[in-house]
Amino acid sequence: MLYLAIESSCDETAVAVVSSPRGKDEFTVLSNEIASQIDIHKRFGGVVPEIASRAHIEAISPLTYKALSDAGVTMTDIDCVAVTTEPGLIGALLVGVNFAKSLAFSNGKPLIGVNHIKGHVAANYINGRIEAPFIAFVASGGHTSIIRADSLTDFTTVGRTLDDAVGEAFDKIGRRMGLEYPCGAEMDRLASEGDPDAFAMPAVHMKDGSFNFSLSGLKTHVINMLNTAEMKGETVDIRDVCASVTRVICESVVYQLERCLKKYGIKTLLAAGGVLANSHLRLALETMCEKRGVTLHIPPVGLCGDNGVMIAAAAKYEFESGGRSDMTLDGRPSSKDDWKRV
Ligand code: KG4
Ligand code: ZN
């Protein structure tokens, strides 16, 4: 089976061609094209939705053509068209959804709509069989979720952020320190040179027994701290700020995941999303999982951010379990109601 998968939920247009035999947990990535809009949005300090939609429109046709030609195939060879439908920026999503619908309709191919968060988790599927049930943790610029998965397609959200996503917190704190958008990777590097105990920071997990997070307090605390220092004419070493912010985020994420794995008696953890490129978080999760005898899967750094390969991997299991979308397929800014929550 050859999957053509399209992702356009935020500021990356991505198209991949992935081959996977039906009924087997094997994947061959034939092409993986990503057109990043970071250079366009950088000067605004964040993603401008209208500009993102326009940039997707410009990129999507040539990128799809390139993905097909790099894979050495044509639309005739493709068996299924997959596309991210939710959650994300609605204008951006609609570019991918309408393009995928036209492609599927005009070539007579089946169409599969994929949830972006399920897509991030599925970046872990391409390295071989994953046994459910498992707990998944997704952290990106727009999402922070803890999920209980009873199969590779049956997900229930058990925890989420109540305000800012982890990546958003990195980006907003980084912007106040004068770093370029997106700030996560640079803060990761600076944190390695700083003292993680230099500043006390508020925890980012909810203390109500839930598996939820809240990061707006941390963001406000750091911004106030920097404003106060500026007013007093004091200098703050931003490496120490990065290290302290990273420490508290890692501690809270580990705390919630450890409790969650224990509550459900689950011994497999899948982590994914742009923030999982963070070297400190990867190490913190590895240490916790080793201690608890939990098997940890994290995608290679190149597949943590938005890409088409993860959408193809999620689509494969949806397709094989009978999922099909039709020409009424639509984009949604948030996950569908049947995206269960407890
Ligand atoms: O998954 P992604 O590419 O896009 C969304 O779905 O949002 O995630 C992008 C986010 C940005 O907030 C970026 O700052 C963050 O991932 N990020 C990182 C690192 N690399 C990217 N955050 C922390 N450490 C990193 N090394
Ligand atoms: Zn994403």
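Helices (H or I, at least four residues) and strands (E, at least two) are DSSP runs, numbered from the N terminus. With those terms in hand, the protein chain of this predicted model can be described as having 10 helices and 11 strands, and one of the strands, S3 (residues 28-36), holds Leu30. Residues are numbered from 1 along each chain as its sequence is written, while chains are lettered from A and ligands numbered from 1 in the order in which they are written. Because the model is predicted, local features need pLDDT of at least 70 and side-chain atom pairs count only at pLDDT 80 or more, whereas totals for chains, interfaces and linings use all residues; side-chain values use heavy atoms, with hydrogens and water left out.

Consider the whole chain before its parts. The C-alpha atoms fill a box of roughly 65 × 45 × 35 Å along the principal axes. Of the 342 residues, 55% count as buried, where buried means under 20% relative accessible area, exposed means over 50%, and partly exposed lies in between (1.4 Å probe, protein chains only). Contact means heavy atoms within 4.5 Å, and of the contacts with a separation of 6 or more, 73% are accounted for by residues 24 or more positions apart.

The chain is divided into domain 1 (2-123 + 303-320) and domain 2 (131-299), with bounds that come from an automatic or database domain assignment. The centres of domain 1 and domain 2, taken over C-alpha atoms, are separated by 26 Å, and the contact takes 20 residues from domain 1 and 22 residues from domain 2.

Let us return to Leu30, which counts as partly exposed because its relative accessibility is 32%. Leaving aside neighbours within four places in sequence, Leu30 is in contact with Leu2, Val17, Val18, Ser19, Asp70 and Ala71. The C-alpha atoms of Leu30 and Val309 are separated by 9.5 Å, although these two residues lie 279 residues apart along the chain.

Is Thr246, by comparison, buried or exposed? Thr246, which is found in helix H8 (residues 238-264), has 3% relative accessibility and therefore counts as buried. Not counting residues up to four places away in sequence, Thr246 touches Phe170, Ala191, Asn278 and His280. Ala191 is itself one of the buried residues of helix H6 (residues 184-191), together with Met187, Asp188 and Leu190, and what covers the buried residues of H6 includes helix H5 (166-176), H8 and helix H9 (279-292).
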